[in-house]
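Welcome! Have the model open beside you, and let us walk through a few of its places together.

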Amino acid sequence: MSTSESRTVRITVVAADGLVKREVFRLPDPFAVVTVNGEQTKTTQVVKKTLNPYWNESFDLTLTNASTITIQIFDQKQWTKSKNQGFLGMATYAMGQIFDLGRGGEEMVTRDLGKAPGSQEPVCGKVMMNFSTNFAGMAAAPVNNSLSVPQAGMIRNPSVASFNSQQQPQPQLQPQAQVMPQQQQQQQQQQQQQPVAQQNVRPAVIAPNAAAGRQLSSFEDQLGPLPTGWERRTDHLGRTYYVDHNTRQTTWQRPTAAPVSAAQANQNQAAELARFENRGLNFAGPAAVTPVAATTPTPTATASAPAPTGPLPAGWEQRITSDGRTYYVDHNTRQTTWIDPRRNNRVAQPTGNMTPGQAQAYLLQMQTQTLQTFGPLPSGWEMRITNTNRIYFVDHNSKITTWDDPRMPSNDASVPQYKRDFRKKVVYFRSQPSMRMHPGNCHITIRRSNIFEDAYAEIMRHPAADLKKKLMIKFHGEDGLDYGGLSREFFFLMSKEMFNPFYCLFEYSAHDNYTLQINPNSGINPEHLNYFKFIGRIVGLAIFHQRFLDAFFVTSFYKLILGKKIVFADLESIDSQQFKSMTWMLENSVEGVLENTFSAESEIFGQIVTIDLKPGGRDIEVTDENKAEYAQLYSEWRIATRVADQFKAFQQGFNEIVPQDMITVFNPQELELLIGGLAEVDMDDWMKNTDYRGYTENDETIKMFWKTVKEMDNEKKANLLQFVTGTSRIPVNGFKDLQGSDGPRRFCIEKTGEIDSLPKSHTCFNRLDLPPYRSGDVLDKKLNMAIENTVGFGVE
């Protein structure tokens, strides 16, 4: 065929893999543009939020052997915003180098994406394209039909060394208008009325004796028609091979398998799509993956692994939860697990450093294994791997990350039950639409010297919807950039200011107890209700943005937030002496002993005021019959009634950020953990979840560091945590759940700096820069000096 003669070619844009991520906090919305000689242009649909888009869209274009096909991939969100239109990469194909149009054929081509001419922006990833002229001889189907994609890791054109049969001549394709037997024409008419998913797996039925004296279709050979869903093809060397559209596999041998139902074919197609989206390179050697054999494929080849059979190991028992989920009990160790103990295909934890390809392969294996064991992840969740080969999970609904698999109560069997239940509630809580972060940023600039008033002015001037955007805190006069560390310090500092009794908004519940309660005399400040609304917003923002406040309230305050009823027992945390007195009253007769009435006395700025606990209460005596009612009314007044106006203002600001129906999923103890985290420092957990750069845990400097930290009191440990992470509080699941700028980041110690310099911290990354000091005394002196005298942020 000459270079000027043209022919229609079906070009299918299958997918792209490993696209470049140009924005830190957002995935691209890629689409592809196909251009032929700068004239014919076709565009695919947009795939949302992915670096591995799967389009599988086909276009019929007129090409010659001299045609040049260009595919460009763009980010739809940046299409009109940036100068490069969100360019993500391109690839160019010369039609004459793929196959000769005069001879025809079909070829799947995978190319590395390249830069645009004159562009210096980095590009990575691959694109997969399919070129075919064989569609004209097949039953009519829409252009956007499903494409037969070979299984990942499979060789499209096997080598000659593995081919033992005689070569067969390449069959000539029949024109579409050729007269066919009546039965075949009727079958094709039926196919045109069937869904696309069925058209690819229902070939025409041809009688065996019809093959004589005519050209063979791709659905038959000299021995007669192929089984349902099979197709005969030839490669560029003229060798015949067979494609099983049911299981998406190829083989050299003629199939003899039983026909596969259309439902099974659709199931296999879905499995193939899932396998393509989870594709990766295997690095664990031949034993890690089963090679594709040159035999007749079976439908189970691509389905999920079969359920284990045979008896359970000794001491094991299979049970079913109330929602129908199977779990297993090991009576030997008294533990439970979701994993069937008969499975022996557990993925080994990698050791040492892995290349990016190996890390992706390990991630693929973990995805496959957990899918078989626990089922699919909840909607909007994704499994990822860190650069230290640790698996974590991303919830795109609420834009949060966690080490724990949301399908499991906990990854750690040693975690107490209350923490497992709390974690499940948090996952549900943050997955709700009202708790998802809004797009964009909310910039707040404040002065350290006037943080309370500046924060009040900034927070109150923004509508609640703006405060649900990503907070970007900037301290006036400082160069620090907020990747999480500045906002953590902001909430830490605000905790010290808002709840300072000096402002008369909150007070300590007792002289020997530093839990906080609302000050009933806050009205001395004429603007106190506005400040309580502001504090409600701050507490709501801390929950919404996953920050901790350095404060603990009385239990009854958490009950008020949750809308729970106040009971007599709550009085103990407010006034233990009054609680003991009233407990004695309830347990003994008061007739002739006490002369109380249904009233209470309150001191307001030195003046004693009598308050009725019920209408006319000062005239109603307390007796053995009504003393329980008196104790309940007194408790309600002492805890809630006398601060009703202040709490109403607080709740108004709080519910602007966190809806009331969402927060009620927690109990008071869990709400305390959600707001304040853990205050106690577990040294074993801290050391276990620390990473080292330039150091090892056996280095002398590291040993001196941990010795110094262990000798610190709780206050100094909290100050060290605040210095490195921006907050003195710890997540309920411990140090493994410390958050950084881009997800989970463990506490890290890096070897850097001169031996006479002070340690430095990077709060956005939970990293401490520790010079290699030569003695423990010097390390202790330098570390304490850095903690006690460092204020503010800078940029390196």
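Begin at Asp777, which sits in helix α20, residues 776–789. Helices here are DSSP runs of H or I with at least four residues, strands are runs of E with at least two, and both are numbered from the N terminus. Asp777 counts as exposed because its relative accessibility is 67%; exposed means over 50% relative accessible area, buried under 20%, and partly exposed in between, with a 1.4 Å probe and protein chains only. Its C-alpha atom is separated by 8.9 Å from that of Thr708, 69 residues apart along the chain.

A word on the source: this is a predicted model, in which local features need pLDDT of at least 70 and side-chain atom pairs count only at pLDDT 80 or more, while totals for chains, interfaces and linings use all residues. Residues are numbered from 1 along each chain as its sequence is written, and side-chain values use heavy atoms, leaving out hydrogens and water.

Now visit Asn519, in the loop between β23 (513–518) and α10 (528–544). With 10% relative accessibility, Asn519 counts as buried. Leaving aside residues up to four places away in sequence, Asn519 touches Cys504, Leu505, Phe506, Glu507, Val643 and Gln646, where contact means heavy atoms within 4.5 Å.

Helix α11, residues 555–562, is mostly covered too, with seven of its eight residues buried. Among them are Phe557, Tyr558 and Lys559. After α11 comes Gly563, which has a positive phi near 75 degrees.

Finally, look at strands β24 (residues 599–604) and β25 (residues 607–612), which run antiparallel and are joined by six bridges; strands pair if DSSP finds at least two bridges between them. Ser599 has Asp612 as its bridge partner in β25.
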